[in-house]
Amino acid sequence: MTTSPHAATAAKMPPQIPYIIGNEGCERFSFYGMRNILTVFLMTSLLLAIPEDLRKAEAKEVFHTFVIGVYFFPLLGGWLADRFFGKYPTIFWLSLVYCAGHACLAIFEDSIKGFYFGLFLISLGSGGIKPLVTSFVGDQFDKGNRSLAQKVYDAFYWIINFGSFFASLLMPVVLKHFGASVAFGLPGVLMALATLILWSGRKKYVHQPPRGANPHSFMWVVWTALKSGGLGMTVAALGVLLAAYSLGQMGSLGFVAAVCLALVLVMGFGGIGASLQLDRARGVHPDEAVDGVRAVLRVLVLFALVTPFWSLFDQKASTWVLQADQMSKPAWFQSSMMQALNPLLVMLLIPFNNLVLYPALERMGLKVTALRRMGAGIALAGFAWIAAGVLQLWLDEGATVSIVWQVLPYALLTLGEVLVSATGLEFAYSQAPMSMKGTIMSFWSLSVTVGNLWVLLSNVSIKSPGALAAVKSSGYSETACLMFFFAGFALVAAALFALVARRYPLLNNYRD
């Protein structure tokens with residue numbers, strides 16, 4: 001490891017931290033600024049050539065395809081940084097790609113191809129740096145001042161929600177009064193400023209060199225276990241065949257959904273196959289590496305049950321925005337501004353939970369474990385969507401429904417987010433050995449991708465003749481049926497999560 005001449009002394013905050021925090025604040029404003037107006041812009045401008053009855057589904061598909069990319073590319077960013085370039089160079093160059101994506105959105109407001117290319121660049125840039133910035137913060141601390149690291153991570157989470165709050169409030173107003181070029185250009189200016197702030201601190205950072213190839217990485221251990229043949233290889237081969245079938249359905253599923261489903265099938269069946277005969281990798285790889293892979297595979301079962309939560313959570317920026325369009329509200333209030341409630345509630349709920357709720361539950365004799373929090377968070381998302389579904393039924397009946405009613409589902413969903421997201425990151429970190437920390441964090445991001453994949457697949461399924469007939473016979477609208485479907489999806493996942501969690505062997509893999 002090479003250290004900067006400005007490296008922090010014991011018990012003092014590293015002087016380079018403000019550069020990283022400033023970079024994160026501007027980057028998060030830029031991301032949420034464009035993300036939170038994306039669905040509205042698609043509906044009211046870019047997709048106007050599409051018939052109105054099909055436009056909502058198309059807008060949702062574009063939005064969730066974008067989110068899939070954002071949470072898929074962390075795998076690429078982490079690999080490039082660890083294998084070849086190191087964290088800072090990877091963050092810097094992908095930030096420039098990020099800026100170019102914003103520029104495309106501002107320039108190509110009337111071109112579908114140009115605008116979609118900009119979304120691709122943003123998903124590549126934003127997703128690529130996502131797993132690197134938080135670990136880059138950790139690199140700036142040593143044993144003498146690591147007690148201060150938690151304060152910085154708290155500031156990180158706070159500034160993410162601070163940026164999201166103001167972006168959610170301001171950018172819909174900018175879109176309405178100044179047009180798409182300015183509304184998408186302003187976040188680009190913030191991203192350029194974020195990159196400049198990061199670059200300004202370049203001589204102050206502590207840099208961890210890239211590790212290069214690791215012959216005992218997660219993937220190599222899994223491959224060693226599988227290639228020995230047996231039942232595990234048969235299971236993995238079945239996953240490959242199903243993936244090939246998925247790719248063959250690209251015409252009906254769409255390119256992104258088909259490819260993502262194929263990857264999920266390969267990884268899922270490959271992981272199951274490897275777990276059946278993982279001990280065959282011993283001798284070829286150290287016991288520590290094999291045990292680390294087994295720990296990661298156990299965590300992935302829980303991650304799979306968390307994916308329904310993300311399918312509900314990310315639809316607050318698509319399905320719930322479209323629902324808000326149907327509600328009564330002041331003339332100055334834009335539908336997408338309602339999303340500002342989410343980060344505001346996060347900033348309020350985190351201290352409330354830690355200072356009031358959790359201590360009260362402990363006094364009542366209920367131990368608040370990480371797994372219990374996560375299971376409760378998934379269930380709360382289900383209840384949030386039941387509330388949203390009831391609101392949709394009122395709207396479908398022709399009632400005038402105030403947008404204030406959306407506060408209830410937002411509050412339930414945000415409480416679920418705090419229980420799942422913040423808890424899940426810490427839980428994942430604690431369960432993986434030091435050599436697998438990066439791997440487990442990448443899989444956590446991938447769980448968000450899979451959650452958004454379920455949204456795309458549900459949109460395809462609801463268009464089938466059988467599904468349309470079932471919706472018609474129910475007497476409810478397509479939107480209401482999907483809302484109650486996702487609510488049930490989350491509640492079933494929460495029940496399964498609770499069952500698996502009861503048997504999960506907790507580990508404590510923090511460094512000494």
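Which residue's side chain does Asp314 meet in a salt bridge? In this predicted model, the partner of Asp314 is Arg35, with an N to O distance of 3.0 Å. This contact belongs to a set of six salt bridges in the structure.

**The Asp314–Arg35 salt bridge**

- The salt bridge between Asp314 and Arg35 connects distant parts of the chain, the two residues being 279 residues apart.
- Asp314 lies in the loop between α12 (287–313) and α13 (319–325), whereas Arg35 belongs to helix α1 (residues 17–46).
- Asp314 is classed as buried because its relative accessibility, 3%, falls under the 20% cut-off.
- Arg35 has a relative accessible area of 5% and is therefore also buried by the cut-off of under 20%.

**The salt bridges of Arg282**

- The side chain of Arg282 forms a salt bridge with Asp279, at 2.9 Å from N to O.
- Arg282 also meets the side chain of Asp291 in a salt bridge, with an N to O distance of 2.8 Å.
- Through salt bridges with shared partners, Asp279, Arg282, Asp287, Asp291 and Arg294 are joined into one network.

**Accessibility within the network**

- Arg282 has a relative accessibility of 30% and counts as partly exposed.
- Asp279 is partly exposed, because its relative accessibility of 47% lies between the cut-offs of 20% and 50%.
- Asp291, at 39% relative accessibility, is likewise partly exposed.

Terms used. Residues are numbered from 1 along each chain as its sequence is written. This is a predicted model: local features need pLDDT of at least 70, side-chain atom pairs count only at pLDDT 80 or more; totals for chains, interfaces and linings use all residues. Side-chain values use heavy atoms; hydrogens and water are left out. A salt bridge is a side-chain nitrogen of Lys or Arg within 4 Å of a carboxyl oxygen of Asp or Glu. Helices (H or I, at least four residues) and strands (E, at least two) are DSSP runs, numbered from the N terminus. Buried means under 20% relative accessible area, exposed over 50%, partly exposed in between (1.4 Å probe, protein chains only).
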